[in-house]
Amino acid sequence: MNDGGPEESGGAVGLPSRRRRPTPMSQWGPAARLSYWAFHANRRPSYMRFAYLQLGSDAAAEEAVDATFDALMSEWLRMLHMDRLDAYAWTVLKQRLADRQQRRSPWPRPMDISAFEAALKEAHADRYEVLTDTIRFYSAVSRLAERQRDAVVLRYGLQCSPGEAAAVMGVDEATVRTHLGQAHRRLARLLDTSAES
């Protein structure tokens with residue numbers, strides 16, 4: 001049984017199939033419906049928070065996450081046979097976020113200003129220095145490999161534990177810890193180079 005191979009998903013691994021008409025939820029069994037809505041309730045809050053950090057607006061985040069769950073609903077019966085259902089869902093979310101980012105202005109998207117606002121609230125530190133450090137840090141994070149960046153955003157931006165980040169990304173906790181370790185080393189090099197320049 002092929003559940004998610006390239007030939008079934010139109011040649012693009014990780015993307016929902018467009019070749020066949022999905023089975024309407026009204027024709028699903030009770031267990032499938034329950035599992036979908038449980039997954040929806042469990043993942044939607046973290047998907048929304050992650051999408052907001054990527055897109056910078058509630059409306060854009062909601063649009064991307066709604067599109068993600070629409071795609072997942074159409075594939076859910078097939079997804080139930082996947083070994084890494086969470087990983088597949090994460091891939092769909094990342095694709096929907098990329099779609100939304102491409103539809104926006106052709107100019108580079110500014111960083112979410114909440115990071116700057118939080119930095120400026122630190123009264124005990126020099127505001128200019130904190131802001132400069134924050135800009136350097138976010139610039140360095142943007143240069144990480146995608147999985148490392150995702151792990152950093154989930155762990156430190158959204159305050160997820162490594163286990164929670166692993167569940168959202170659909171990978172093992174050890175994998176998230178590896179990504180975080182690699183990200184720490186890369187950030188240390190990038191920030192050291194940035195400070196020197």
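The model is predicted, so local features need pLDDT of at least 70 and side-chain atom pairs count only at pLDDT 80 or more, while totals for chains, interfaces and linings use all residues. Residues are numbered from 1 along each chain as its sequence is written, and side-chain values use heavy atoms, with hydrogens and water left out.

**Select the whole protein.** The protein has eight helices and zero strands; helices (H or I, at least four residues) and strands (E, at least two) are DSSP runs, numbered from the N terminus. Of the 197 residues, 38% are buried, that is, under 20% relative accessible area with a 1.4 Å probe, protein chains only.

**Select α1 and α2.** The residue ranges are 30-55 for α1 and 58-79 for α2. These helices pack at an angle of about 150 degrees, with their axes 9 Å apart; axes are lines fitted to C-alpha atoms over the stretch in contact (heavy atoms within 4.5 Å), and angles run from 0 to 180 degrees between N-to-C directions. α1 and α2 are therefore roughly antiparallel to each other, a term for angles over 145 degrees.

**Select α3, residues 85-103.** Helix α3 has 19 residues and reaches 27 Å from its first C-alpha to its last, close to the 27 Å expected at 1.5 Å a residue; the expected span is 1.5 Å times one less than the number of residues. Now show the side chains: the buried residues of α3 include Leu 85, Tyr 88, Trp 90, Lys 94, Arg 96 and Arg 100.

What covers the buried residues of α3 includes α1, α2, α6 (146-157) and α7 (162-169).

Terms used: Buried means under 20% relative accessible area, exposed over 50%, partly exposed in between (1.4 Å probe, protein chains only). Angles under 35 degrees count as roughly parallel, over 145 as roughly antiparallel, 65 to 115 as roughly perpendicular and the rest as oblique.
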